[in-house]
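Please look over the model below. A short report on selected helices and strands follows.

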Amino acid sequence: MKQIKSAILILILISNPLLAQTPKFELPQNDLTLTRTAQPHQYMDKIGSKAALMGFENGTFEMWIWPWKVLRGFELQFFVGSTTQPILSKDIVREISVTPEATTITFVYESFTVKEIIFIPYNKPGAIILLDVYTTTPLTIVPGFMPVMQPQWPAGIGGQYSYWDDNLKAYIISESQRRGIFVCGSPMAQQMAAPPAHMFADNPIQFKFTVEPNKANENFYPIVIAGMHQQPRDSVFNLYKDLSANVEKYYNQTFEHYKKLRESTIQIATPDKQVNLAFEFGKVALSNLMVENPTLGKGMVAGYGLSGGGGRPGFAWYFGGDAFINSLAINSYGDYQAVRNALMFTQKWQRQENFPIKKKSKVDKPTDIGKMAHELSQSDGLIDWWNDYHYGYNHADTTPWYLVAMGDYFRKTGDVEFINKSWESIIQAYKWCLSKDSNGDGLMDLKGAGLGVLEFGALVKINNDMYTQGLWTQGIKEVNLMAKYVGDKEIEKLSGELLPKAIIALEKIFWMEDLGYYSFGASDDGKQVRDKNIFPTSIMIFDLLENSRCEQSIKNFNESDMITDWGVRNLSNKSALYEPTNYNYGTVWGFNSLFANAAQYKYHYNLPAYSLLSNTLQHTFDYGLGVFPEVFSGDINTKLGEAYNNQGFCTSGYIFPIMTGMLGVNVNALENKLTFAPKLPMQWEWLDVKNVKVGKSVLNLTNKLKNGEWKLIIEKSGDGKVNFDFMPDLFPGSKLNSVTVDGNPIDFEELNHEQAVQLKTNIIVSAKHEIIVKYKPSVEIYLIDATTPIGATSEGLKIISQRFSGNRLYIDLEIKPAKEYRLGIINEKLIKSIVGARELDGKLYFKTPGSGNEFVKHQIMIEIK
């Protein structure tokens with residue numbers, strides 16, 4: 001009889017997996033882990049391609065399954081023994097630990113410890129939360145939440161309801177038309193609340209787990225949130241059952257997904273652990289921007305943030321310009337499929353004669369054919385986004401950005417097939433930009449085209465915006481390149497003739513000789529904006545402008561009115577328009593660093609570049625762990641209240657300069673060429689760059705540096721040979737002696753820039769090679785590691801420039817009076833004399849007399865023996 005009962009029980013467990021428990025399994029170890037004492041009111045999130053969980057480090061959160069906000073205010077309560085007094089999770093939170101696949105929040109009380117392990121199955125519309133419990137007394141755990149069932153802004157509905165389903169052990173959340181159905185519960189849960197079936201309750205709905213001390217360590221206690229948009233109820237319930245019954249499978253799949261992202265793209269290892277971690281978590285953050293909407297398809301959203309009582313989860317809808325900007329960073333580390341998917345998505349919404357905005361009348365003339373969409377809500381389908389709202393095409397800069405992004409993708413991948421398929425779209429965008437040249441100077445302008453980089457304020461009235469017009473000029477260059485490969489001789493000829501005309505116009509309109517930097521913009525009558533503005537650097541990253549003018553501009557932008565200890569302002573604090581908390585007129589964005597920092601490296605300002613890079617990427621660890629907030633005050637190192645917590649192009653703001661600047665990795669698949677032009681901090685003695693894909697080849701680059709020698713080992717796998725330019729920067733005053741490849745001398749050039757000495761040499765890589773560069777070093781300067789606390793003002797030294805003349809090294813700085821500063825120095829035995837500093841134990845110490853809180857100029861001169 002006992003055998004029969006056992007058999008029946010086994011059959012029940014097999015047929016209804018919701019009655020089964022979730023035995024503990026070993027979680028894979030991950031060396032990409034960020035851990036700290038939890039900050040209860042700090043942001044945290046976990047993101048998948050179909051769902052997002054966003055909340056605080058105290059464990060409360062809201063849940064989205066695109067395009068629906070399912071619930072908010074989720075939190076845990078604990079009851080010890082028979083007490084009726086709740087212990088709130090937010091009151092006993094102790095630690096948070098974040099890996100790409102999961103976030104673990106630890107709650108500690110005198111008689112129990114609970115680890116809340118949160119993950120999003122990367123390709124499923126749902127979330128799984130595992131409670132890992134240790135308790136010395138009977139414990140009741142009560143999860144509770146407010147059901148919401150709200151579509152993303154700007155859509156809205158009514159008629160929502162929720163009820164408990166005892167077969168599923170879960171609450172069902174839906175609305176009268178069942179356009180979405182969602183489930184939240186656990187196979188181990190017991191009902192606690194009985195909300196009205198026809199409406200939402202005013203208070204949180206709850207369920208509970210009862211945990212006995214002797215059984216707590218045997219199982220995880222899972223909570224599953226799942227749902228679908230416009231799918232049958234049975235499909236939703238089957239999804240919930242599948243996630244509940246296969247927790248270990250989905251955890252391991254999610255772990256493997258991020259492991260594949262890490263290993264299939266470029267990997268770096270440097271002596272700076274913060275750089276290494278920020279780089280890998282940046283790749284994860286950018287990958288998580290790819291959202292698969294059930295109605296619209298797979299595209300790239302701009303970022304994430306809490307919606308509170310509303311329907312705007314940060315910028316978690318599709319922005320064309322953000323996708324194109326982020327594509328530069330994503331291409332730089334080789335996630336080409338993600339970029340192609342993002343580009344294809346934007347093409348679906350390129351404006352046509354009667355799509356997606358419909359003509360109001362048959363006799364209406366076609367408008368803006370070829371213009372790329374600025375933004376698209378994930379609720380399109382529940383609403384008519386394009387025809388009932390005016391946001392879709394209000395930016396002009398999005399369309400030239402599309403041309404730039406397509407060209408960058410093409411150069412990195414050599415994907416001629418995609419360019420051929422996209423050629424009609426590319427030409428439509430190109431012709432739309434051409435049509436916006438109102439005065440025939442070769443530059444599109446903003447007159448009748450839409451917004452440029454700014455969205456409000458005095459400077460939006462200017463039709464000549466260097467950001468937009470410079471992007472258009474680079475777009476012409478990219479179209480000319482692509483035309484050669486698709487065989488469009490007419491476009492190749494016309495774009496080739498237009499490009500020099502546009503470049504001449506850029507220089508004429510925007511260069512300000514008396515100030516020594518490029519202007520943000522100019523009025524139709526030629527009156528220039530004379531205040532320093534960071535956006536001209538967005539064009540300096542391309543090879544369009546005069547080198548000497550770019551170098552002079554960067555030197556001016558390195559000053560303290562632009563550079564802070566936590567990033568770079570978009571506008572000088574000396575401008576009459578400056579407001580430190582104004583979104584467009586004085587704030588600090590990671591997005592600003594994408595251009596300014598990359599431009600610093602491009603023109604060899606390597607010391608101020610590394611300073612800005614370090615100050616920018618620190619925000620990956622300061623707020624939500626592993627993600628980058630949107631915008632900061634220009635005067636205080638703090639995120640603005642209006643700023644969302646996870647903004648994609650701010651992550652790109654340090655990823656792109658790392659790859660293209662500090663590491664100098666530039667792939668050109670069209671020429672089967674890799675340029676490796678690292679600009680490393682002088683104190684670094686090694687660097688590894690792995691998995692660089694060039695056509696069908698993969699290269700690993702191992703660098704070892706010691707005083708006077710740079711050894712580079714190149715390992716190649718895959719077919720073909722790679723044309724390899726090796727172009728590292730050395731400190732000013734260095735003198736190159738020899739370069740050998742596999743023991744054989746080769747020719748090289750020594751390029752003497754004002755800010756650096758650069759080697760230029762080339763080899764054809766066919767297998768494994770060893771390059772050894774020998775040089776005579778001079779005195780070398782490096783930055784002392786420092787962090788800027790949240791709430792601090794800008795106090796750190798600002799390195800403006802450096803140069804070597806005769807036997808003297810000059811370092812131009814800005815510092816505050818009566819405050820002592822330090823720099824590291826290498827080869828100090830070569831020093832004959834110093835003016836403006838003193839040397840002690842490998843450090844330079846210096847300060848300037850005076851009082852006040854304004855930065856003043858200071859120069860250090862080091863005479864070499």
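Predicted model: local features only at pLDDT ≥ 70, side-chain atom pairs only at ≥ 80, totals over all residues.

Which residue of β49 is the bridge partner of I781? The partner is I825.

**Strands around β49**

β49 covers residues 821-826 and is joined to β46, residues 780-782. β49 is also joined to β52, residues 843-846.

| Strand pair | Bridges | Direction | 
|---|---|---|
| β46 and β49 | 3 bridges | antiparallel |
| β49 and β52 | 4 bridges | antiparallel |

**Helix α14**

Helix α14 runs over residues 590-602, 13 residues in total. From first C-alpha to last, α14 reaches 18 Å, close to the 18 Å expected at 1.5 Å a residue. Is this helix enclosed or open to the outside? Helix α14 is largely enclosed by the rest of the structure, because 12 of its 13 residues are buried. Among the buried residues are F591, L594, F595 and Y601. N592, N597 and Q600 are buried too. After α14 comes H604, with a positive phi near 70°.

**K249 in helix α3**

K249 sits in helix α3, which spans residues 247-264. How does its accessibility class come about? K249 counts as partly exposed because its relative accessibility is 39%, and the buried class requires under 20%. P121 is 128 residues away from K249 along the chain.

Terms used: Residues numbered from 1 in each chain as written. Heavy atoms only, no water. Helix = DSSP H or I, 4+ residues; strand = E, 2+ residues; numbered from the N terminus. Buried < 20%, exposed > 50% of the residue type's maximum accessible area, 1.4 Å probe, protein only. Expected span 1.5 Å × (residues − 1). Pairing = 2+ DSSP bridges.
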